Structures are given as C-alpha cells and as structure tokens.
Amino acid sequence: MTLFLQQLVNGLSLGSIFALVALGYTMVYGIIKLINFAHGDIYMVGAYIGYMAITSLKVGLFPAIIIAMITCAVLGVVIEKIAYKPLRNASRITSLITAIGVSLLLEYVMMYFMGAGVRTFPDVMDKTKIEFAGLSITSAQLLILGTTLLLMLLLQFIVKKTKIGKAMRAVSVDADAARLMGINVDRTISYTFAIGSALAGAAGVLVGVYYNTISPLMGVTPGLKAFIAAVFGGIGVIPGAMFGGLFIGVAETMVGVYWSSLIKDAVVYIILILILLIKPSGILGKNVKEKV
Amino acid sequence: MLKIENLNIKYGAIHAIKGIDLEVHEGEIVTLIGANGAGKSSILRAISGLVKASEGTISFMGNSLNKVSAQNIMKMGISQVPEGRHIFSGMTVLENLELGAYQRKDKEGIRKDLQAVYERFPILEKRSRQDAATLSGGEQQMLAMGRALMAKPKLLLLDEPSMGLAPILVREIFSIIEDIHKQGTTVLLVEQNARMALSVADRAYVLETGKVVMSGTGKELAASEDVQKAYLGG
C-alpha cells in the first residue's frame with residue numbers, strides 16, 4: 001500500500017507536468033482547431049530560458065519560472081502571428097504541417113545556439129526529502145505539485161471570471177458570433193497562445209528542476225504524451241486536459257513499477273488508441289450537436 | 001441612418017450580391033424579403049463587417065463602414081442577431097447576455113439594461129444560471145435578441161428571427177420586435193416569413209438572386225400582385 005501511495009505521488013508529479021503542457025494543446029485546439037505540434041518545443045524553450053536565467057542572470061527559481069513564462073508567452077504569440085495566422089483560412093492539414101515545421105525549427109535553432117548535448121540543470125533547491133506516513137516526498141515534487149495547482153487555479157479564474165476568459169470561451173464556441181459581440185478575435189487568439197505557452201514554459205523549468213537535465217529534443221516525447229493527455233481528457237476541454245495529464249502521469253508511473261518500465265511508453269500510446277476507438281471525444285468531452 | 005450603394009459581394013466565383021442600393025432611416029423598421037439564397041443574410045453580414053464588399057459602399061450615420069472591423073462596427077451602434085441564433089453553448093444564459101455588453105464599460109448602465117432584458121424576456125431570468133444550449137428554440141431566439149440589446153444598439157439587424165419557431169412564438173417574437181422599435185431602436189429585418197415581416201415594416205425590399213426587384217412601403221408590397229404570388233401564397 002505504501003508503495004502504491006508512493007508511486008501515486010510520483011505519478012502525480014509527472015502528471016502535473018503533462019497537464020500543464022496539455023492545457024496549452026487543448027486551449028489552442030479549442031480556439032482555432034489546430035493541434036499545435038510545436039507546443040512541446042515551447043516547453044523545451046521554457047526549460048532553456050529557466051536554465052539561462054539561473055546560470056547567467058543568477059536569479060532564484062521563482063523569478064526564473066516567471067521569466068520563462070513571459071518569454072514563452074511572447075514566443076507563442078509571435079509564432080501564431082507569423083506561422084499560423086496567415087493560414088487561418090487554409091485547410092487544417094496545412095496548419096498542422098506548418099506546426100511540425102515550427103517544431104523542428106525550434107529544436108534545431110536551440111541546437112545551433114546551445115549545442116545538441118544534454119545540459120545539467122543547476123541545483124536551485126535543496127533536495128530534501130519529507131517523510132510522511134511512510135512516504136517520502138521530495139521538495140522538487142512539492143514544488144511541482146504546488147506550482148501546478150496554483151497555475152491551474154489561476155487559469156480557472158481567468159477563464160471563468162475575467163472578460164478575456166469569457167471572450168476566449170466565446171471565440172472557441174463560435175468565432176463569427178463573437179465578432180458580432182464586438183470581441184477582437186485576433187487579440188483573443190493571441191491571449192490564448194500567450195497563456196498556453198506560459199504554462200508550457202513553467203512546466204519546462206519545473207521538469208529541469210525535477211530531472212536535472214535538459215536537451216533540445218526534451219520536448220518531443222512529453223509533448224506527444226501531453227497531446228495524448230489532452231485527447232484523453234477531451235480536446236478543447238480545460239478540465240479534461242488537467243485530468244488527462246494527471247491520469248497519463250499516474251498510469252505511466254504505475255506501469256513502470258508494477259509491470260515493466262520498458263513498456264510504460266507503449267501503454268500511453270495504447271491509451272490513445274483505445275480512447276480514439278471507444279470515446280473519440282475524450283473522457284470529459286461532449287459530442288457536439290447543433291440545434292436548428 | 002444606414003445607406004448602402006451599389007453593394008457587390010463575391011464568394012470566390014459566386015457573385016452573391018449584384019449591385020444593391022438600400023437605405024434605412026432612423027426610427028424605421030425596414031425588411032428584406034426573398035427566397036433562400038437571394039442574398040439577404042449576405043447583406044447583413046456585410047453591414048456587420050463579417051464579409052467584405054467587393055464593390056460599393058456601406059455607410060452608417062455618415063461614416064463609411066467598408067474599412068471598419070467587425071468589433072468597431074459593433075461599437076458604432078450596430079448589433080446583429082444572426083440567423084440560427086448562434087448563442088454561446090457551454091456558457092450560461094447570464095454569461096451570454098454579459099457578452100452582449102462586451103464593449104461597454106458603464107457597469108451601472110449594463111446592470112440596468114440586464115434588468116430591462118429580464119423584464120422583456122422573463123424566461124431568461126428564470127434560466128440565467130443554465131447552460132444556454134439547454135434552452136428551447138424560442139428561448140434561444142429570445143436570448144440572442146436580449147444579447148444584442150445588451151449592446152444598446154442604435155440599429156438592430158435581425159436575421160430570420162422566426163426561423164424554426166411555432167406560429168404562436170413567431171407572433172410573440174414579432175410583437176417583441178415592434179416593442180423594441182417603439183422604444184427607439186431602428187430595425188433592419190430579414191425574413192422569409194414575408195407576411196409577418198410586411199405587416200410590421202415601414203418599408204420593404206424584395207430580393208431575388210442578389211438584386212432588389214421591388215421596393216416600397218410594407219402595405220404597398222403586401223398588396224402587390226407579384227409579391228402575393230411569389231411570397232404570400234396567393
């Protein structure tokens with residue numbers, strides 16, 4: 001039982017990272033129906049920005065997270081303006097392929113400047129372990145869980161209560177009707193990219209602290225898994241991305257411990273196949289019906 | 001108040017609107033009637049800035065709208081209730097109404113207008129916390145109209161408000177339109193239900209395949225033989 005609870009804590013920590021990245025996928029999909037395959041690389045950029053902030057600017061961990069979030073937000077908005085906006089009325093496959101192109105661009109530009117090798121993320125916090133009821137929770141895990149919870153609450157507040165959040169929901173339901181309400185659709189899409197990318201940036205720094213290593217291709221697999229998490233929870237549905245991320249993290253950890261760590265990645269992809277076969281709209285997704 | 005001159009709209013190779021002139025004076029109810037595909041909705045979409053005119057001018061209170069974005073046209077005082085309602089599903093009735101006042105900053109005025117909308121459509125107050133998608137067709141139409149009124153428009157564009165509604169609801173919607181008009185809002189009404197539309201309209205235009213084929217007062221057109229044959233079933 002203790003082993004199970006211990007792995008649950010580990011799984012939730014990993015899942016928090018997936019959830020933060022999945023939120024960006026789901027928000028962008030919700031508003032412009034684009035699977036932004038460059039999103040995993042924004043997370044990678046976030047990790048590098050955090051790394052540079054800590055090593056070059058000598059700032060602490062929390063300022064580093066904030067700097068990474070802001071930089072990624074700007075990056076996300078710029079990518080949308082340059083790469084996706086001109087394709088808004090093009091077929092969806094065009095934007096999708098462009099997103100893959102942006103993803104490769106980010107990866108190899110980062111390699112050009114920072115080298116292809118793995119870098120060690122600086123130690124910014126004491127790796128103390130907190131023993132609690134037979135479980136050992138590291139301070140890094142607490143940091144991840146706490147930051148994720150805080151960011152999710154903040155996101156819920158923005159989406160539910162603020163004017164920009166209401167505009168985001170309105171545009172994602174019906175962009176033309178939102179225009180008729182006087183909502184600036186382009187600006188709302190920019191905000192969505194900014195918020196989603198900021199969350200990925202935060203996740204990048206957190207994962208650097210957790211695993212101690214970063215590399216230019218670190219975003220590929222977690223990006224894919226976060227995408228699966230978003231689909232699993234119901235793409236376009238914000239609580240779905242949170243739930244999906246945590247679920248995938250826990251599932252992967254449990255399979256690694258109780259079965260074999262060799263197949264834990266395979267299990268994640270099997271989950272994707274199953275959800276697409278059984279409930280393609282996702283666990284929390286609804287089938288859309290139009291009332292005439 | 002609203003003046004359209006030589007309006008042309010093209011969707012790719014399709015020439016949907018072919019040189020239309022149209023005018024709405026302050027305080028009027030003007031209606032556009034015509035069959036499916038005559039181009040009625042395209043005209044409203046062009047006024048609201050959702051589609052761009054390929055030729056011609058649209059001006060509102062003396063200002064050209066051709067280069068103005070949709071959100072600024074809304075700010076100038078033109079609200080549209082689109083065909084098929086287009087309410088925001090997944091959001092509550094209250095949130096839908098609040099979005100109608102998205103451009104406004106006067107909290108006190110918004111609160112007052114919300115109260116006025118609730119008085120006009122009591123059912124919306126009862127359902128204010130409910131997901132808008134759960135409303136019936138008639139209630140959704142009322143929500144769409146209430147939402148447009150929350151912007152305090154000078155000119156209200158209504159696109160097929162009676163579509164898909166039971167006859168008793170159609171009469172109710174039309175009496176609400178007359179009421180809104182009496183309280184000082186100018187109305188441009190697009191309808192397939194020509195009989196109802198002509199009965200409330202000061203003036204009317206008949207559209208056929210992107211052209212105005214007839215215009216006159218509501219009474220004149222209702223009495224015209226051609227209109228009766230084509231649109232009033234007699």
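Reader: What makes E4 and E5 of chain B a pair, and in which sense do they run?
Author: In this predicted model, strand E4 (residues 55-60) of chain B and E5(B) share 2 bridges in the antiparallel sense. Two strands pair if DSSP finds at least two bridges between them, so E4(B) and E5(B), with 2 bridges, count as paired. B:Ser59 stands opposite B:Ser64 in E5(B). Strands are DSSP runs (E, at least two residues), as helices are (H or I, at least four), numbered from the N terminus.

Reader: Why is E5 of chain B called an edge strand?
Author: The open sheet has the order E2-E1-E4-E5 in chain B, with antiparallel pairing. Strand E5 (63-64) pairs on one side only, as does strand E2 (14-24).

Reader: How do you know whether strand E3 of chain B is buried or exposed?
Author: A residue is buried if 20 or more other C-beta atoms, placed from the backbone, lie within 10 Å of its own, exposed if 12 or fewer, and partly exposed in between. In strand E3 (residues 29-34) of chain B, 6 of 6 residues are buried. B:Ile29, B:Thr31 and B:Ile33 point one way, and B:Val30, B:Leu32 and B:Gly34 the other.

Reader: What does E3 of chain B pair with in the parallel sense over 5 bridges?
Author: One partner is strand E9 (residues 203-208) of chain B, where B:Val206 stands opposite B:Ile33.

Reader: How are residues and chains labelled, and which are counted?
Author: Residues are numbered from 1 along each chain as written, and chains are lettered from A and ligands numbered from 1 in written order.

Note on methods. This is a predicted model: local features need pLDDT of at least 70, side-chain atom pairs count only at pLDDT 80 or more; totals for chains, interfaces and linings use all residues.
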